[in-house]
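Please walk me through this model in the viewer. Tell me what to select at each stop and what is there.

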Amino acid sequence: MPSLTSVLSDRFAAALAHAFGEDFARRDPVIRSSQFADFQANVALPLAKELKSKPRDIAAQIVEHLDLADICLPPEISGPGFINLTFTPEFLADTLAAGSAAEAAVNTDPKTIAIDYSAPNVAKEMHVGHLRTTVVGDALARTHEFLGNRVIRQNHIGDWGTPFGMLIEHLLDVGVDSEAAAEVSENPNAFYQAARAKFDSDEAFATRSRARVVKLQGGDEDTLGLWTRLVGYSREYFNRIYSLLDVTLTDDDLAGESTYNDVLAEVCDELESKGLARISDGALCVFPAGFTGRDGEPLPLIIRKSDGGYGYATTDLAAVRNRAMNLGVDRALYVVGTPQAMHFEMIFTVAREAGWLPETFEAEHVKIGNVLGSDGKILRTRSGAPLRLGELLEEAVARAKTTLADSNVDFSAEEAEEVARIVGIGAVKYADLSVAHDTSYTFDLDRMLAPIGNTAPYLQYAGARIRSIGRKAEAEGVETARVENAAISLDEPAERELALILLGFADVLAEAAAGSAPHRLCTYLFDLAQGFTSFYEQCPVLIAETEELRDSRLRLSTIVLKVLEAGLGVLGIRVPERM
């Protein structure tokens, strides 16, 4: 279904062409929401200087050629030259009746989008810092897929480097098939900390660990086998967290640091041969244009250390090179913490200087803010350690279950577990997604689980209420087919307002994808839930004055449910059958 703004844009393109010539057909009509109408077109203002005429006169010329009779009331010109546009109830009803309000606009130019997100470390616990990158990245992946784009998920896990020497030696000490080894899949921090403690206190162990790093980097077959076992244990742990969090990442999406081992030397050689890299203080560095330190000197991006080792910069350069040159990516999103902003700016600049990125290639750092505690500091345990993500999610589910115990709904034990998980995890994800991704927010389970306000439970309850209305209608003998084909009436203001919100779904999805801004979709869904609440309070559904009006309102409610489910589904949040 074309969005309302795209319908208006097409009509304005024709009017601009007739009024001022074909070259003007491609001008942005600057359509925005209006407090005086459904929308307003502000195109007359930017055209005034170019056409050397008053904006109101230009607006009058546009309106003269504007063919909107089948969809809008007569346009009105207000202020300096705003064109106010109000849709007819018949057009809104017919558009809703077409049955595609919960669908995205047809994608005539699908893109390939790579999304780098989550990126936990092997043999380490996922902590609260991984929550935002995982949740935001997954929402963006789902959004682009919903819009018809091809998404390549890239889970750039930390699966290589010097710590693996001590981890492999510790694995050998405890036994490859021992319970202590398997602990990596359940409590990876314990395994890592035990290895670190031995490394710091046992010189012989530390010596063996350093030698093991050399073997690992040299491709020793036995060492690689042990490394593979460690990574396998961690995959089990990652997948358990991903399942609990209800995100779409799988083993097929793993693209860890080790993926690029074989091309790191090639990357360095190429940058050196192109004159972009040179030796500085024993290390091979690139000095991308436009980056200087506090002393005014060019800022180096180290791609090969003085000891011959490679770091994050080399791996990230290899990754963006692969995505642009081998994966056919049009746009690459890096859903990573804000502190990495300069690092990625330098990476993208070097990649462009090297000629790896076509001019049309979009590389974007989706900056992720912090999750804070009630003290305004980064959320941690009382001991000051990062809060384990698994524990946090399990607490959210447990709190949701306690909340549901106060519900009037008589859940079975199995249903209570399922609904608690849907509500608890949904509450955490929505709280994260409902704020701009580059800002920080305070983690507060009481607020997240509140059934009122801009929260997931409020939206989920709206969906559950509509399902309840549907069950009551069915119990009263209202046939589903009759509701599905009912004529939609929008005579009441609350009905019309709800229809307008519903028909804005496609536009909001496009905006959320273009701006990597899931919070815009959250705002829309909250407005929709509020719009439905107002409609439900002002327009009786099951006890409407006539059967035709009842069926119309039931159909309108059903469309709301479809859009709510679609929108929340894009965010990775489900709607329970009952609440």
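Select Val 423 first. With a relative accessibility of 5%, Val 423 counts as buried, because the cut-off for buried is under 20%. This is a predicted model. Val 423 sits in helix H15, which covers residues 413-433. Now show what surrounds Val 423. Leaving out residues up to four places away in sequence, Val 423 touches Ala 400, Leu 449, Pro 457, Gln 460, Pro 576 and Met 579. Lys 49 and Val 423 are 374 residues apart in sequence, and their C-alpha atoms are 54 Å apart in space.

Next, go to Ser 3. Ser 3 belongs to the segment before helix H1 (4-20). Is Ser 3 buried or exposed? Ser 3 counts as buried, at 6% relative accessibility. Its contacts, neighbours within four places in sequence aside, are Ala 506 and Asp 507.

Now select residues 203-217, which form helix H9. H9 has 15 residues and reaches 21 Å from its first C-alpha to its last, close to the 21 Å expected at 1.5 Å a residue. Colour the buried residues of H9: Phe 205, Ala 206, Ser 209, Arg 212, Val 213 and Leu 216. Why do they lie on the same side of H9? Because they cover an arc of only 115° around the axis. Turn to the face away from that buried side, and you find the exposed residues Glu 203 and Val 214. Then show the packing partners. The buried residues of H9 pack against helix H6 (163-174), helix H8 (188-201) and helix H10 (221-245).

Check both ends of H9. At its start, a side-chain oxygen of Asp 202 comes to within 3.0 Å of the backbone nitrogen of Ala 204. Just after H9, pick Gly 219, which takes a positive phi of about 85°.

Finish with the cores. The largest nonpolar core has 152 residues, and Phe 87, Phe 443 and Leu 571 touch the most other members. H10 gives the most to this core, with eleven residues. Centre on Phe 87. Not counting residues up to four places away in sequence, Phe 87 touches Leu 4, Leu 8, Asp 38, Phe 39, Ile 71, Cys 72, Leu 92, Arg 496 and Leu 500.

Methods. Residues are numbered from 1 along each chain as its sequence is written. This is a predicted model: local features need pLDDT of at least 70, side-chain atom pairs count only at pLDDT 80 or more; totals for chains, interfaces and linings use all residues. Side-chain values use heavy atoms; hydrogens and water are left out. Helices (H or I, at least four residues) and strands (E, at least two) are DSSP runs, numbered from the N terminus. The expected span of a helix is 1.5 Å times one less than its number of residues. Buried means under 20% relative accessible area, exposed over 50%, partly exposed in between (1.4 Å probe, protein chains only). The arc is that of the directions from the helix axis to the C-beta atoms. Contact means heavy atoms within 4.5 Å. A polar contact is a pair of N or O atoms within 3.5 Å; within protein, one must be able to donate a hydrogen and the other to accept it, and residues adjacent in sequence count only if both atoms are side-chain atoms. A nonpolar core is a set of buried Ala, Val, Leu, Ile, Met, Phe, Trp, Tyr and Cys residues joined through side-chain atoms within 4.5 Å.
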